[in-house]
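Me: Please take me through this structure one question at a time. I have not seen it before.

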Amino acid sequence: MATSLMTPPTITPGPPTPPEKNRMSASSQNRLGNVLVFALLAAGSLVMLAPLLWMFTTALKTKVQVFALPPVWIPDPPQWDTFVRMWTEAPILSGFKNSLIVALTVTVVGSITSALAAFALAKLRLPYKNAIFLVLLSGLMVPYPTIMIPQFVMFSRLHWVDTLLPLIVPLLFGNIIMIFFLRQYLSSVPDSMIEAAKIDGASYLQIFRVMIMPMIRPAVAAQFILWFMYIWNDYLAPILYLNTPEKQTLQVVIANLNVEFATQRDYPLIMAASFVALLPILIVFLIFQRQIIESVALTGSKG
């Protein structure tokens, strides 16, 4: 007796998807993602730039336009003479010069000493170097107001009050945060490189100058900008030690302008001085922008 066998139907596979289509779909998705990220970053940049643009346009307004309702977004005509009047009616030039002297001296010399200290704490065979590093870090937990009065008494006995020395000398020996950051950055450098250079007859200063400094240059640039911003925008220490208007830094001068001209409602003059005070930070950032990007990229690759 013959039995009939049921054979399953054969399914013929369709034509394979060409790799060009997969590639095109992936590229279109990447393009869409890039457009969304760009739109998000553009919106964020507008939010961040809006106060700066408002500051600049306020400097170009008249006193009446500052308080006008509805607000005047674009002054017509712009009062460019406010930037000229700013230099004659207030000690802006002397404040600008004093701030540059303090910020550049502290950050340039202090960055070198901080890099040397980080190199010594990370790679040299020093006795109790870990204990020294912990003592340095413990200094970060001491708030400045607790040492403000004793420090002022000490500098007054040295006759440094109403000079730039109290703002410069204590910071020439390094920054604890910068030392910590560079020490952690140097921890990934193999000790064998230092030992090989010592066998070749190089001194520690030669090793630092030829080998270490090019390695940590992006990290130094990133910390340099942060430190420069802190020193440039510092207000507490300058207002404590500087009394003569010609010796005050720019932030103290602007604060005095706010007290003096706010009663006269001369806000365009205050905004013009504040806008000029932002320019050095912007210039320093543009100069060291590539080094900052390299620092972030190297830190991410090491992590």
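Me: What is the relative accessibility of Asp 191, the value by which the residue is classed?
Reply: Asp 191 counts as partly exposed, a class between buried (under 20% relative accessible area) and exposed (over 50%), with a 1.4 Å probe and protein chains only. The model is predicted, so local features need pLDDT of at least 70 and side-chain atom pairs pLDDT 80 or more, while totals for chains, interfaces and linings use all residues. Residues are numbered from 1 along each chain as its sequence is written, and side-chain values use heavy atoms, without hydrogens and water. For Asp 191 the relative accessibility is 47%.

Me: Which residue meets Asp 191 in a salt bridge?
Reply: A salt bridge needs a side-chain nitrogen of Lys or Arg within 4 Å of a carboxyl oxygen of Asp or Glu. Here the N to O distance is 2.8 Å, and the partner of Asp 191 is Lys 123. The pair links distant parts of the chain, 68 residues apart, with Asp 191 in helix H9 (residues 191-199) and its partner in helix H4.

Me: How many residues apart in sequence are the parts tied together by Arg 125 and Glu 195?
Reply: The side chains of Arg 125 and Glu 195 meet in a salt bridge at 3.7 Å, N to O. Arg 125 lies in the loop between H4 and H5 and Glu 195 in helix H9, so the parts they tie together are separated in sequence by 70 residues.

Me: Of Arg 125, is the side chain's residue buried or exposed?
Reply: Glu 195, its salt-bridge partner, is partly exposed at 30% relative accessible area. Arg 125 has 74% relative accessibility and therefore counts as exposed.

Me: How many salt bridges does a search of the whole structure find?
Reply: One of them joins Glu 89 and Arg 85, with the closest N and O atoms 3.4 Å apart. Both residues lie in helix H3 (residues 81-89), four residues apart, about one turn of the helix. Glu 89 is partly exposed at 37% relative accessibility, and Arg 85 is partly exposed at 22%. In the whole structure, the number of salt bridges found is three.

Me: How many helices are there in the protein?
Reply: Helices (H or I, at least four residues) and strands (E, at least two) are DSSP runs, numbered from the N terminus. The protein has zero strands, and its helices number 14.

Me: Which helix gives the most to the nonpolar patch?
Reply: Leu 104, Val 108, Val 109, Ile 112, Leu 116 and Leu 205 form this surface patch, with about 490 Å² of accessible area together. Patch residues have over 30% relative accessible area and no salt bridge; like charges are joined within 9 Å, and nonpolar side chains (Val, Leu, Ile, Met, Phe, Trp, Tyr) within 5 Å. Val 108, partly exposed at 41% relative accessibility, lies in helix H4. Five residues of the patch come from the helix that gives the most, residues 92-123, helix H4.

Me: How are H4 and H8 oriented to each other?
Reply: H4 and helix H8 (residues 176-186) pack at an angle of about 45°, with their axes 8 Å apart. Axes are lines fitted to C-alpha atoms, for helices over the stretch in contact, and angles run from 0 to 180 degrees between N-to-C directions. Angles under 35 degrees count as roughly parallel, over 145 as roughly antiparallel, 65 to 115 as roughly perpendicular and the rest as oblique. H4 and H8 are therefore oblique.

Conventions
Areas by Shrake-Rupley, 256 points an atom, 1.4 Å probe, with all protein chains shown as cover.
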